[in-house]
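I want to note what I looked up, one topic at a time.

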Amino acid sequence: MIAGDGPVRDQQVEQLERQISELKQQLMQAQKLSSVGALAASITHEFNNILTTVINYAKMGLRHKDVKTREKAFDKILSAGQRASKITTGMLAYSRNNSDRRDPTDLANLVADMLVLVEKDLQMHRVRLQADFPDRPFASVNGSQIQQVLLNLIINARQAMSAGGNLAIVVRANHEAGMGEISVRDSGCGIPAEKLPRIFDPFYSTKSADEQGQGGTGLGLSLCREIIESHHGRIRVESAVGKGTMFTLRLPLVPVPAFAPTPTPNPADAPMNRAG
Ligand SMILES: Nc1ncnc2c1ncn2[C@@H]1O[C@H](COP(=O)(O)OP(=O)(O)OP(=O)(O)O)[C@@H](O)[C@H]1O
Ligand SMILES: [Mg+2]
């Protein structure tokens, strides 16, 4: 209840606005951590595989004294360790507390970093991942928030393909519109036309929580839209029942900064796409 008038009332309104904005930040952070929880099983599994590789090759190196075998063992241990480090770095970057900081960011790099975290989860759910980065658009974004959007879209897509399917992610620049575009297309169940207008509503969900009590809050897409619109971007959806769904994110392009780091290779060349 807002009582009083003039400056007192203004102060109360200001205080309430501050509280609302703090609660929004907390909700966003809670949703971010809950969606990464969906990857817990696959990431644990992957770490287990990495440790098995490290242990077995260390044993092999100890058993065989010849240089060639030992070099091979070191190589395998090194690449397993590098893979593990990529995953932990990615997790830390994703989980970083929300600040409002925005930096010119290579959108393709941002997507590639997210794919490192979801690859195994998709594989375990028999989803074939196809990623293509024909351009390397830059946009001024909060990387961790855009990754939250991507993770929500990818988990929704995987959940829509309960019997497996295809997931295609494309990053391109639309220079006429001055926008960088990220599209996420699945071959899942699709969304009936009468439900499409409601999917971005907070708490709208057609799912129930899984055994771990995860998912089905219906907050995923509403936060996606909030994040993208706060970046002056747009989120669009096209869907056909029984065929699949495509979400497209558009973010205003910024010039490529002079200090831009070397891009990660196009994932079309990476082994990821060859894995089934
Ligand atoms: N790729 C998709 N294919 C089919 N339906 C989808 C897809 N993405 C979203 N939906 C529909 O939109 C609804 C809302 O999605 P949203 O991510 O907001 O919530 P949720 O996934 O149900 O719950 P939460 O994200 O909290 O786990 C979903 O319940 C589902 O019906
Ligand atoms: Mg969701």
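**Ground rules.** I am working on a predicted model, where local features need pLDDT of at least 70 and side-chain atom pairs count only at pLDDT 80 or more, while totals for chains, interfaces and linings use all residues. Residues are numbered from 1 along each chain as its sequence is written, and chains are lettered from A and ligands numbered from 1 in the order in which they are written.

**Confidence.** I checked pLDDT, the predictor's confidence in each residue, from 0 to 100. The chain averages 91, and 91% of the residues score at least 70. Over residues 268–276 pLDDT stays under 50, and the model has 13 contacts beyond four places in sequence for them. A contact here means two C-beta atoms, placed from the backbone, within 7 Å.

**Whole chain.** I find six helices and seven strands. These are DSSP runs numbered from the N terminus: helices are H or I with at least four residues, strands are E with at least two. The order from the N terminus is α-α-α-β-α-β-β-α-β-β-α-β-β. The C-alpha trace spans about 85 × 45 × 45 Å along its principal axes. Of contacts between residues at least 6 apart in sequence, 73% join residues at least 24 apart.

**Domains.** The assignment gives domain 1 (43–87) and domain 2 (101–274); such bounds come from an automatic or database domain assignment. I get 33 Å between their C-alpha centres.

**Sheet.** Which strands make up the open sheet? Five do, in the order E2-E4-E5-E7-E6, with mixed pairing; two strands pair if DSSP finds at least two bridges between them. E2 (127–132) and E6 are at the edges with a single partner strand each, so one side of each has no neighbour in the sheet. From one strand to the next the twist averages 15°. E2 and E4 (residues 165–174) run parallel and are joined by six bridges, and Val127 stands opposite Gly165 in E4. Helix H5 packs on this sheet, touching E2, E4, E5 (179–186) and E7, and its direction makes about 20° with that of E5. Axes are lines fitted to C-alpha atoms, for helices over the stretch in contact, and angles run from 0 to 180 degrees between N-to-C directions.

**Burial.** Buried residues make up 28% of the 276 in the chain. My cut-offs: buried is 20 or more other C-beta atoms within 10 Å of the residue's own, exposed is 12 or fewer, partly exposed is in between, with C-beta atoms placed from the backbone.

**Helix H6.** In H6 (residues 220–230) I list Gly220, Leu221, Leu223, Cys224, Ile227 and Ile228 as buried. They sit on the same side of H6 because they cover an arc of only 160° around the axis, taken from the directions from the helix axis to the C-beta atoms. Glu229 and Ser230, on the other side, are exposed. What do the buried residues of H6 pack against? Helix H1 (6–37), helix H5 (143–160), strand E6 (234–240) and strand E7 (244–252). After H6 comes His232, with a positive phi near 60°.

**Arg225.** This residue is in H6. Buried, exposed or partly exposed? Arg225 counts as partly exposed because it has 18 C-beta neighbours inside 10 Å. Leaving out residues up to four places away in sequence, Arg225 touches Phe200 and Ile235. I also looked up Thr206: 19 residues from Arg225 along the chain, with 18 Å between their C-alpha atoms.
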